[in-house]
Amino acid sequence: GPGSRGRAHRGHHVGRGGAVDICSQIYNPVVVMKRIILSVVLALLVVGQSVRAEGLSRSRQAVKVSSDVLLVAMPVATASAMLAMKDWTGFKQAAFTGLTTLGATYLLKFAVHKERPDHSNNLSFPSGHTSVTFANAAFVQRRYGWAWGAPAYAVAAYVGWARTYARRHDWWDVAAGALIGAGSAYIYTLSLIHISEPTRLR
């Protein structure tokens, strides 16, 4: 009857709302970044065990691998969150940030031609891993606020440290990469927090 149809409709509505809540939790950037930071802490514990058991060279390799993983994990987490929120304007701003960061980074790499501390090649300055992760962190902070940006900056700082510890970069390579990435994000990114509600996610 009409009552049962009404209850069924309400149940369907609640079910969809529950699915949205679950999706928002899965793709919430704060949750994702906290999980990444936890992974970093666990990785550091493993590295500590590796230093004691197998020596410094193995630990450096482990840290290098963790920085490689985070180089991909951070943008994927951020893109997933923007997709869940349907923040298409944010996608555009992130795309411009990424293109500018990569362009400036590789232009300088080939222009400066600085040798890496491990002598593997002459593309040390600036750090690409650091420029990308700091661009990501600055974009998240600028777009969504410090509640989301602080965990992102913590991950980016770990990546910068990891690149020096693994002897892929000197500290000034990392500093330059951080400035390029964060600067690019601040050029293109507008805060979502201060945009009026009707136009927030256009």
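Helix H6 (residues 146-165) packs against H7 at an angle of about 150 degrees, and the two axes lie 9 Å apart, where axes are lines fitted to C-alpha atoms, for helices over the stretch in contact, and angles run from 0 to 180 degrees between N-to-C directions. The model is a predicted one, in which local features need pLDDT of at least 70 and side-chain atom pairs count only at pLDDT 80 or more, while totals for chains, interfaces and linings use all residues. Residues are numbered from 1 along each chain as its sequence is written, and side-chain values use heavy atoms, with hydrogens and water left out. Helices are DSSP runs (H or I, at least four residues) numbered from the N terminus. H6 and H7 are therefore roughly antiparallel to each other, a term used for angles over 145 degrees. In the contact, defined by heavy atoms within 4.5 Å, Tyr153, Gly160, Arg163 and Thr164 of H6 meet Trp171, Val174 and Tyr186 of H7. By class, this contact of H6 with H7 has 4 nonpolar, 2 polar and 1 charged residues; Ala, Val, Leu, Ile, Met, Phe, Trp, Tyr, Cys and Pro count as nonpolar, Asp, Glu, Lys and Arg as charged, and the others, Gly among them, as polar.

H7 (residues 171-188) also meets H4, the axes of these helices coming within 8 Å and crossing at roughly 145 degrees. On the H4 side the contact includes Gln93, Phe96 and Thr97, and on the H7 side Ile180, Gly181 and Tyr188 are among the residues involved. The residues of the contact of H4 with H7 divide into 6 nonpolar, 7 polar and no charged.

The largest pocket holds about 330 Å³ of space. Of the 16 residues that line the largest pocket, Pro75, Ala94, Gly98, Val132 and Asn136 are the closest to its centre. A pocket is here, on a 1 Å grid over the protein atoms alone, an open set of points where a 1.4 Å probe fits, with protein on both sides within 12 Å along at least five of seven lines, and lining residues have an atom within 4 Å of a point; the volume is the space filled by probe spheres set on the points, which are joined across faces, edges and corners. H4 provides the largest share of the lining, 8 residues.

How values were computed: Helix = DSSP H or I, 4+ residues; strand = E, 2+ residues; numbered from the N terminus. Parallel < 35°, antiparallel > 145°, perpendicular 65-115°, else oblique.
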